[in-house]
Amino acid sequence: MKRIFTFFCTIVLAVGLQAQNVDYEIVGFLDADDDVIEQYLMTSNEDLQPRVLLKNNGPGVCNASDSIIFDIYNNDELTTYIYIHGSELQSMSDGETRIISLPSPIYTSEVMDQFVMTSFVLCYEVRIVGTSVDSEASNNSACLQISRPLPVIEYAESAIRLYPNPSANV
C-alpha cells in the first residue's frame, strides 16, 4: 500500500512540475496600420478577416504539448475557432506580442450580403488546453463592433419598365 501511495504522489508531483503558469492577454483587434481598435467600418465588398494582438504577460510560456484555442463568437454565437499548437508559441517570451489571424476570411462579402449582416459584434476568447494554466483569465477576450453598408445595386435606365405605359396616378 505504501508503494502505491508513493507512486501516486510521484505522478502527481511530476504532473504538477510540468504545469506552467502563464498569462496570455488579447490586447485587442488591429486595423491595417496595426493600431488597436474597438469599432470597424467595412466596405460593402470587403471580406471579414480580423487580426488580434496576443500578448504574453508571463511568467512563462505554455508547454509545447499544449494548445491555445481562440473561440470566435458572432453576436454571442460560436462561429469558428483558431487552433495554435503550443510549440508555435514557445519562442514568445514575457512581454512579447504576436498578431494572430485566420488563414481565410471568417465571412466573405457574399455571405454577409446573404444574411444581411450590417452591424454585429465579433468576439475572440482565448483558452489553453493542456497542462499550462492561465493565471489571469479576465483578459482572455476582446470584442469588435463591426458595421458595413449593404451593397448598392445600380440598374440601367432600360432595366426599369412601367406598366401600363403611359401611366397615370398610382
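**View A: the structure holds 3 aromatic pairs.** Here, rings of Phe, Tyr and Trp (its six-membered ring) count as a pair if their centres lie within 6.5 Å; planes under 30 degrees apart are stacked, over 60 edge-to-face, and the rest tilted. Zoom in on Tyr107 and Phe120, an edge-to-face pair with 6.4 Å from centre to centre and 85 degrees between the planes. Tyr107 sits in the loop between strand 8 (97-101) and helix 2 (109-114), while Phe120 belongs to strand 9 (residues 119-129), so this pair ties together parts 13 residues apart in sequence. Are these two residues, Tyr107 and Phe120, buried or exposed? Both Tyr107 and Phe120 are buried, where buried stands for under 20% relative accessible area, exposed for over 50%, and partly exposed for what falls in between (1.4 Å probe, protein chains only). Elsewhere, Phe29, Phe70 and Tyr124 make up one aromatic cluster.

A quick note on what you're looking at. This is a predicted model, in which local features need pLDDT of at least 70 and side-chain atom pairs count only at pLDDT 80 or more, while totals for chains, interfaces and linings use all residues. Residues are numbered from 1 along each chain as its sequence is written, and side-chain values use heavy atoms, with hydrogens and water left out.

**View B: the protein chain, with 2 helices and 11 strands.** Helices (H or I, at least four residues) and strands (E, at least two) are DSSP runs, numbered from the N terminus. Walk along the protein chain from that end and the elements come as α-β-β-β-β-β-β-β-β-α-β-β-β. Of the 170 residues in the protein chain, 32% are buried. Take the contacts (heavy atoms within 4.5 Å) between residues at least 6 apart in sequence: 73% of them join residues at least 24 apart. The accessible surface of the protein chain is about 11,200 Å², and carbon and sulfur atoms supply 54% of that; the areas come from the Shrake-Rupley method with a 1.4 Å probe, and for residues only the protein chains shown count as cover.

**View C: an open sheet of 4 strands, in the order 3-2-5-8.** The pairing in this sheet is antiparallel. Which strands are at the edges? Strand 3 (36-37) and strand 8 are, since each pairs on one side only. Two strands pair if DSSP finds at least two bridges between them. Strand 5 (residues 51-56) and strand 8 run antiparallel and are joined by 5 bridges. To get your bearings there, look for Leu53, which faces Ile99 of strand 8 as its opposite residue.

**View D: strand 6 (residues 67-74) and its neighbours.** How many residues of strand 6 are buried? The count is 7 of its 8 residues, making strand 6 mostly covered. Strand 6 pairs with strand 7 (residues 77-85) in the antiparallel sense, over 8 bridges. Ile68 has Ile84 in strand 7 as its bridge partner. The hairpin of strands 6 and 7 has 2 residues between the strands, and in it Asn75 takes a positive phi near 50 degrees. Strand 6 is also joined to strand 9 by 8 bridges, again running antiparallel. Follow Asn74 and you land on its bridge partner Leu122 in strand 9.

**View E: charged side chains, with 4 salt bridges found in the whole structure.** A salt bridge here is a side-chain nitrogen of Lys or Arg within 4 Å of a carboxyl oxygen of Asp or Glu. One of them brings together the side chains of Asp34 and Arg51, at 2.6 Å from N to O. This pair links distant parts of the chain, 17 residues apart: Asp34 is in the loop between strand 2 (24-30) and strand 3, and Arg51 is in strand 5. Asp34 is partly exposed at 41% relative accessible area, and Arg51, at 22%, is partly exposed as well.

**View F: the salt bridge of Arg127 and Asp71, 2.7 Å from N to O.** Arg127 lies in strand 9 and Asp71 in strand 6, so the pair ties together parts that are 56 residues apart in sequence. Arg127 is partly exposed, with 40% relative accessibility, whereas Asp71, at 9%, counts as buried.

**View G: the salt bridge of Arg98 and Glu96.** Their side chains meet at 3.9 Å, N to O. Arg98 is partly exposed at 24% relative accessible area, and Glu96 is partly exposed at 28%.
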